[in-house]
Amino acid sequence: MSTAVQDIAPQQEADTGRTERLFEAQRGRALALRTSSAADRIDKIKRLRQAMFDRTDQIYAACHADFAKPAPEVDITEILPVVMEANHAIRHLKGWMKPERKRPTLLMFGTSAEVRYEPRGVCLIISPWNYPINLSLGPLVSAIAAGNTVILKPSEMTPHCAQLMAEIVDEVFDENEVSVVQGAVETSQHLLGLPFDHIFFTGSPAVGKIVMRAAAEHLTSVTLELGGKSPVIVDKTADLDKTAQNLVWGKFANNGQTCIAPDYLYVHADVSDAFVEAMGKALTRLYGDQKAMASNTDYCRIVNDKHHGRVKALIDDATERGARVSTGGTPANEDNYIAPTILTDVDAQSRVLDEEIFGPVLPIIPFTDTDRILADINAKPKPLALYVFARDNEFIDKVLDNTSAGGTCVNHSMVQFLHANLPFGGVNNSGIGNSHGHYGFKAFSHERAVVRERFSLSFLFLPPYKGFTKWFIRFAVKYLN
Ligand SMILES: NC(=O)c1ccc[n+]([C@@H]2O[C@H](COP(=O)([O-])OP(=O)(O)OC[C@H]3O[C@@H](n4cnc5c(N)ncnc54)[C@H](O)[C@@H]3O)[C@@H](O)[C@H]2O)c1
């Protein structure tokens, strides 16, 4: 076994010949896997889970080498979600795989019917850098549970994690069943040219569109787990200290580089000063004072120079337009550090209110008119997450009834990702389709409708269309449906 901490050279593009050979070999294997048993699939998932346990230290090291992610955060947000996904599938797979019997409608009287969950075939998983292990191996569990073969293309921006996953997959699977293909945009585009049976993509809406266009060429089905700007609404009835604590964790874990991170926040004007103060206190409680934060190993880093520069430019743009830095706002030149930053008095034209922030910056906007902020939210593309903090249930219902989002947490943030019985996915610009648990299994399965003829009345519809037949067809149109 190699160690994950050694320096890894910038990602090379994959050998296209090898990729095509793998794809062809997986096609053959996918046919054989159509009848694989639950026990077979569970065995593979258990081996993957065990490999993660065996290499936990290497996972910590790889995540640290890629973006200084603290080990406990790796446990909660990289390892735990995959282990949960695996355990949930192991527990429920037999039930999920069972054909679902369907009662006949009146018209279909005399038939029996079922939905069979068949593997889609050869699947492509393309993953992002921000939760490199979780968002690669989590969908992989669902794909295996559903009986598919998989080519996994991790992000080139977290090369230590990509290399480690290649080693894990190589150790656990036959490459004709699951393999990792490493590379950057060119590799991804080459893979997208192949006629996969399903593509599961996690990344930005911009690249999601490229993936969907490529999939259209082969009419390949897609699951798109995308991003965008996830709003937060804090009502005047909210418990401000608890709200601040939950938001500081949701916003600044992983350095704000989370698809469902709170992106911008509306707080009722009556409590806005008290809330900003509560946020400052919660930050100090979780990460120490401004000086301590910079060396606090519980606080992760921006993934690379390019993104560091991008987030810094967002802060600069906002402050040049008059925003006040309530806390933070101090990007360091080295180490890709940016202190947790809270901005107030933000001009509506600021880039920070337009682009997905994907970093440790939270603009806070006071409001008095709920209808106005709901209209503002609805004027933007539908978000992946929307968070509402309030004690007033009528307020909460008003927000839920009058907005759309992939998912919502009431009085918390981010934890919707950890609920194995809920679908995880976006809506329109923030995604298409779902992942996690049973929903993940279904994303990687084709729901095949099967009707078996027994003694149906369909012979009564046959021509010649006269007399009783004509009368019966009219009768069926009116009453047998
Ligand atoms: N919905 C979710 O579950 C979820 C989870 C994490 C991140 N995200 C989103 O992902 C984005 C951040 O991740 P990212 O920067 O790695 O995303 P990205 O879209 O830049 O890259 C994702 C993957 O696509 C590949 N890729 C990049 N450009 C490509 C191109 N032109 N053609 C083909 N493939 C290409 C990359 O190599 C990478 O593997 C954010 O928008 C975030 O909200 C969504």
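A salt bridge here is a side-chain nitrogen of Lys or Arg within 4 Å of a carboxyl oxygen of Asp or Glu. With that criterion, the count between domain 1 and domain 2 is zero salt bridges.

Some ground rules before going on. This is a predicted model, so local features need pLDDT of at least 70 and side-chain atom pairs count only at pLDDT 80 or more, while totals for chains, interfaces and linings use all residues. Residues are numbered from 1 along each chain as its sequence is written, and side-chain values use heavy atoms, with hydrogens and water left out.

**The two domains**

The protein splits into domain 1 (16-226 + 433-447) and domain 2 (231-425), with bounds that come from an automatic or database domain assignment. Their C-alpha centres lie 30 Å apart. Contact (heavy atoms within 4.5 Å) involves 25 residues from domain 1 and 26 residues from domain 2. Together they bury about 2200 Å², 60% of it on carbon and sulfur atoms; buried area is the accessible area (1.4 Å probe) that two parts lose on being put together, summed over both.

What does turn up between domain 1 and domain 2 is ten residue pairs in polar contact, both at pLDDT 80 or more. A polar contact is a pair of N or O atoms within 3.5 Å; within protein, one must be able to donate a hydrogen and the other to accept it, and residues adjacent in sequence count only if both atoms are side-chain atoms. On the side of domain 1 that touches domain 2, helices H3 (56-67), H4 (71-97), H5 (134-145) and H15 (437-443) each supply at least two residues. H4 gives the largest share of that side, five residues. Helices (H or I, at least four residues) and strands (E, at least two) are DSSP runs, numbered from the N terminus.

**Two open sheets**

Two strands count as paired if DSSP finds at least two bridges between them. S4 (residues 149-153) and S5 run parallel, joined by three bridges, and Val 150 sits opposite Val 178 in S5.

The other open sheet has seven strands, ordered S10-S11-S12-S9-S8-S13-S14, again with mixed pairing. Its edge strands, S10 (324-327) and S14 (407-410), pair on one side only, and the twist averages 25 degrees from one strand to the next. S8 (residues 231-234) runs parallel to S13 (residues 385-389), with three bridges joining them; Val 234 stands opposite Phe 389 in S13.

Axes are lines fitted to C-alpha atoms, for helices over the stretch in contact, and angles run from 0 to 180 degrees between N-to-C directions.

| Helix | Strands touched | Angle |
|---|---|---|
| H14 (residues 393-401) | S8, S12 (361-367), S13 and S14 | about 165 degrees with S13 |

Side chains of opposite charge can pair when their charged atoms come close. The structure holds 23 salt bridges, among them Arg 29 with Glu 177 (2.8 Å, N to O). This pair links distant parts of the chain, 148 residues apart: Arg 29 is in H1 (residues 16-33), and Glu 177 is in the loop between H6 (159-172) and S5 (178-180).

Most residues other than glycine have a negative phi, and most peptide bonds are trans. Asn 411 has a positive phi, near 65 degrees, and is found in the loop between S14 and S15 (431-432). The peptide bond from Pro 463 to Pro 464 is cis, with omega near 5 degrees; Pro 464 is placed in the loop between S16 (445-453) and H16 (467-479).
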